[in-house]
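Dear colleague,

Please find the structure below.

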Amino acid sequence: MSDPIKHECGISLIRLLKPLEYYKEKYGTAFYGVNKMYLMMEKQHNRGQDGAGFASIKMDMDPGERYMSRVRSAQQQPIQDIFAQINNRINTALTEHPERENDVAWQKKNIPYIGELLMGHVRYGTFGKNSIENVHPFLRQNNWMHRNLIVAGNFNMTNVDELFSNLVELGQHPKEKADTVTVMEKIGHFLDDAVAKLYKQIKKEGYTKREASALIAERLNVAKILRKASKNWDGGYAMSGLIGHGDAFVMRDPAGIRPAYYYQDDEVVVVASERPVIQTVFNVNFDDVKELDPGHAVIIKKDGSMGLKQILEPTERKACSFERIYFSRGSDKEIYQERKKLGKLVFPEILKSIDNDLENTVFSYIPNTAETSFFGMVKEAQNYLNKKKEEQILSLGSKMTGEELHKILNIRPRIEKVAIKDAKLRTFITQDSSRDDLVTHVYDISYGSVKPTDNLVIIDDSIVRGTTLKRSILKILDRLSPKKIVVVSSAPQIRYPDCYGIDMARLEDFVAFKAALALHEDHGTTHLVKETYEKCLTQTDPSNKEAVNYVKEFYAPFSAKQISKKIGEILSPEDINAEVEIIYQTIEGLHSACPKNLGDWYFTGNYPTPGGNRVVNKAFINFFEGKNERAY
């Protein structure tokens, strides 16, 4: 309902453990891996719709034969675009050579994209960068097979400047400062170094240059390379990589900020950002799909052996709670239950807001992603009513008539689909006055579903900026003429920027920040704003590993309820007739509902890395100085 938040990326990796002929015989196609990768990427399109990329590596190709392929797209439907290109190449080759339809060896040799090792990536463009050059996977090419590196990830680094400087000190000349490039070049540097040392050692053992190639692939220590490369990384990441000769890896950050799951059987090793993607595409059970531990990597060697290696010492687990609230698909068994519980836990505050008057209250939700928390909220309303019914029935006892019993049993939560999004309507006009009028028509409402004596309770996943609420949603809902509109967020107040992979970068964009600023003005405490700014100025040194989040002091004078009340005032349009109240999830409720994902820095300011504290202070400095720029 509120302005959508963009999430960086989703990753997919497939290693086929059998020869391609095996999949042709068992599944009827040598393109089994390509087909599965398409499904995995489509099942993760919720994680990124601005760009998509695919890469593959063929094992044991002869010199002069193409063994790596990559295709990327930043078109409007990027996943469909890249697989249309792939299918076009496959179909063209088979149309020109129909006699090769069952010749898997020929297909592998002559058709690109068919290989035993495949990587997929979907992304949202961040801060205006959505050209094809910014779409993963990234490729680092070399004439030595072992030095070719393909990298894609779901990540953001807070210390890109420091990492860039490290590369320069190593003698490199990176083509740009983007974190993907710096990360890839850092891995590439230690990959080059490891290959060179192995080659020197193997030559001493008396092997020829040609014989050395297979031995380098066998002996290459991928975990050691990753340990050296990631030593100074500060951020949240699930990083996947393919090495030209056929090794592969997926590495997760030490706090487990970004998600990664894997599955292995005798046919495949699979890694993805979300568990149900693997469950659905490979038809496996929940318990068969494992979560990659923080600080660890799945490493798959060229020979198909798979191992789990600790790369960095795990820190306190701070897995992103927004994955559970909003980003990940709700079809995950645990996430489904967690979202229902988020809805359940806000019900007591809703009950207070409507003065316990369920008979004159309508419950609904916007957008569709809030449907699961809506179920949890309504179920708790039903539980409350059942308890009241029991009390009434017991109090009446044998004196109760059939009519009275029927009346008691007939009371239930009133559920309506009050707003339906018109998916075909596009707000293509950029002029604000005209655009605002168009926005108010993005949703159609169900007239007659609400009476003038009713409260209307609408639940959402989160309220970030609140602009869509103010400009359109509340005005639309007011047409139904309720006496009160209660907007419920299943997430707590978003107060701080994220710097680990979610596109929430500027403090002044958050309606909670605007509300706290307004409260400072109301209370005559604006001097605290300047004092916070002056403290933040002391925390910008990139080498400061003990940085403190001083922006917490900006919010400290006010309770969560005070800020929520002010948000209600800010978001209420001047011409609205209904009373508006905003209710947020509590931090305690969030932790209770999502006990394994306690990463809550956007709500609490408790960043899991020093870089996060530096970023939030920089964001406050930018706000105070009027700089319209990102803090990382």
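Helices (H or I, at least four residues) and strands (E, at least two) are taken as DSSP runs and numbered from the N terminus. The model is a predicted one, in which local features need pLDDT of at least 70 and side-chain atom pairs count only at pLDDT 80 or more, while totals for chains, interfaces and linings use all residues. Residues are numbered from 1 along each chain as its sequence is written, and side-chain values use heavy atoms, with hydrogens and water left out.

Asn356 lies in the loop between helix H12 (347-353) and strand S14 (361-365). Although Asn356 is not a glycine, its phi is positive, at about 60°. Its relative accessibility is 43%, so Asn356 counts as partly exposed (buried means under 20% relative accessible area, exposed over 50%, partly exposed in between, with a 1.4 Å probe and protein chains only).

Tyr113, in the loop between helix H4 (104-110) and S4, also has a positive phi, near 80°. Tyr113 counts as buried because its relative accessibility is 6%.

A cis peptide bond, with omega near 0°, joins His136 to Pro137. Pro137 is placed in the loop between strand S4 (117-123) and strand S5 (138-140).

Which residues of H11 and H13 make the contact between them? From H11 they are Tyr336, Arg339, Lys340, Gly343 and Lys344, and from H13 they are Thr372, Ser373, Phe375, Gly376, Met377 and Glu380, where contact means heavy atoms within 4.5 Å.

Yours sincerely
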